[in-house]
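Here is a briefing on helix packing, a chain interface and some backbone angles. Please read it alongside the coordinates.

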Amino acid sequence: NYVWKKEYTLVLLLNALYIILFYVIMILNN
Amino acid sequence: MAILDWIVLGSTLLFIVFYGVWKTKGSNSIESYVKGGSSAKWWTVGLSVMATQASAITFLSTPGQAYHDGMGFVQFYFGLPLAMIVICAVFIPIYHKLKVYTAYELLEQRFDLKTRTLTALLFLVQRGLAAGITIYAPAIILSAVLGWDLKTLSIIIGILVIIYTVSGGTSAVSVTQKQQMFVIMVGMFFAFFFILGSLPSDISFGNSLKIAGANEKLNILNFDFNTKNRYTFWSGITGGFFLALAYFGTDQSQVQRYLSGKSMRESQLGLVFNGLLKIPMQFFILLVGVMVFVFYQYNASPLNFNPAATEAVLNSSYAEDYQILNDGHLELEAQKKVALNEYTSALKLEDYGAMQRAKMNMANANLKERSNREAARSLINQANENVETNDKDYVFIHFILNNLPMGLVGLLLAVILSAAMSSTASELNALGTITALDLYKRNRKGDFNQKHYVMVTKGFTLIWGIIAIVIACVASLFDNLIQLVNIIGSIFYGNVLGIFLLAFFFKFVKGNAVFIAALTTQALVILSYSQDWMSYLWLNAFGCILVILLALFLESLDRIMGSPPFKT
């Protein structure tokens, strides 16, 4: 049980990227 | 609705229903009926999980939310990917290892039968009501804007879902959900590109984002610690995390989707797929709403998007007052258009001073428009207090019916009804399974063959389908039933999640301590709601933490005292 897999790192990284992208969209259009 | 729209709508929905029946006939074992033969690949699991969560309200309400309040709602989903990781790493390995058919079966193996029965009953009450609302919510909106009969529409949606869900079980649900997700995405992309094409020729996608930003619709992230703001980054990764963990980890309508995976890895990858795509999907649906907002900066919009509300006030003694507000609305729209043209001209010339001035003018006009709409809402409420004045659920459907070309209207209605059906199917499938396996089969004396239990599960699925239709038909008799379902969810969810976390992480806690803690917590959560100690949004976290602390306390006490108090 409870094994960390590389896919979970991918989930964290991509979602962090989405949030950074949202921040950029917000800054560029305000 | 043109004839072409009826053809697109009818053929799409009927094809999905009958393909689902034809493709999955002949389930003769519980394994194949409840777990779909444990043969689903990761993309089937992922699409199925997403289709279950996305109901008609997702597509009706979310664009309207963006239209009025901007894109901040996307933050509500920030906790979801984290919850997916916890479920993949902790929940799924245990579900697979114990080879359970239902989530609550695990609780009997870990605690005892009474804990399993309690959580199964809590699920049936909450999800049974929610299944009725999943049908009712789009039915009431579509009946208001299209003039269709509310009860007839509820019965049609219910029967279409019952046909394939009863016949093919979990396989039929996942086969149809793949097609429903395809229809949903194609429909939403068409709508998005149609809006872009309908804007003035000199307004590009980049410009429309600038216009949305200038009107404060692109405030996507909010890092305030103020708990009064409902959607912030922090509330998303805490409250949103708890809610997603409870919903995806312990609600059978979701658990049954990923238990159908071919292996543990396929189930995990299915949820990883959901964790990767959920936020972009919600962002896109909100972006469609923002584009509808930009569209209405160049085209006339109604003072209130709910036609039933407008009709109610115009047929009352307040009609004259409403007309005055409507004249004000037209004047404000003209003012906004002037400011908008100033802004887009300044944008082209890159004249930042003029852009700031135009932005100020737009902000002032928006402020006036907001209070004008608020005044209209309170006038409607005075005219008829039973009519829905919050029109966010009606913005997108108003846009669809009044602006999309023939054929595309039918496709977008198919999107909304497909979303309603995909969620309802998972709910009925889970309700039938829990009743048949956790209650009937578990407590039934005697030995019956697989065929008997498949027939029983089909029978219970049909009964829950009929109950859902009845709830949808009588829902309009109750005030704000939709909010009631959310409240009931909050009352039970935290407690059930806490029980599962005890099962996974606190191996020394035994069944009696958990059962007493769960009953006590449930009573305290209901009491705190009825006494208004906290907003219902916090009941989830409260119930979850309370049941864990209570069970730990009781188990420790039990061991210190040498056991007598809690032996049953």
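Predicted model: local features only at pLDDT ≥ 70, side-chain atom pairs only at ≥ 80, totals over all residues.

Residues are numbered from 1 along each chain as its sequence is written, with chains lettered from A and ligands numbered from 1 in the order written.

**Helices α1 and α8 of chain B**

- Helix α1 spans residues 3-23 and helix α8 residues 150-198 (helices are DSSP runs of H or I, at least four residues, numbered from the N terminus).
- Their axes come within 7 Å and cross at roughly 125° (axes are lines fitted to C-alpha atoms over the stretch in contact, and angles run from 0 to 180 degrees between N-to-C directions).
- α1(B) and α8(B) are therefore oblique to each other (under 35 degrees is roughly parallel, over 145 roughly antiparallel, 65 to 115 roughly perpendicular, the rest oblique).
- Residues of α1(B) in the contact include B:Phe15, B:Ile16 and B:Tyr19; among those of α8(B) are B:Ile163, B:Tyr164 and B:Val175 (contact means heavy atoms within 4.5 Å).
- By class, this α1(B)–α8(B) contact has twelve nonpolar, six polar and one charged residues (nonpolar: Ala, Val, Leu, Ile, Met, Phe, Trp, Tyr, Cys and Pro; charged: Asp, Glu, Lys and Arg; polar: the others, Gly among them).

**Helices α5 and α10 of chain B**

- Helix α5 (residues 80-97) packs on helix α10 (residues 233-250) at about 30°, with the axes 9 Å apart.
- That angle makes α5(B) roughly parallel to α10(B).
- α5(B) passes α10(B) in a right-handed crossing.
- The contact includes B:Ile87 and B:Phe91 of α5(B), and B:Phe241 and B:Leu245 of α10(B).
- The classes in the contact of α5(B) with α10(B) are 13 nonpolar, two polar and no charged residues.

**Interface of chains A and B**

- Chain A gives 21 residues to the contact and chain B gives 33.
- About 2400 Å² is buried between the chains, 67% of it from carbon and sulfur atoms (buried area is the accessible area, 1.4 Å probe, that two parts lose on being put together, summed over both).
- One salt bridge is found across the interface (a side-chain nitrogen of Lys or Arg within 4 Å of a carboxyl oxygen of Asp or Glu).
- A:Glu7 and B:Arg265 form a salt bridge at 2.5 Å, N to O.

**Positive phi**

- B:Ser38, not a glycine, has a positive phi of about 45°.
- B:Lys99, also not a glycine, has a positive phi of about 50°.

Conventions
Heavy atoms only, no water. Helix = DSSP H or I, 4+ residues; strand = E, 2+ residues; numbered from the N terminus. Left-handed = near helix turned anticlockwise from the far one by under 90°.
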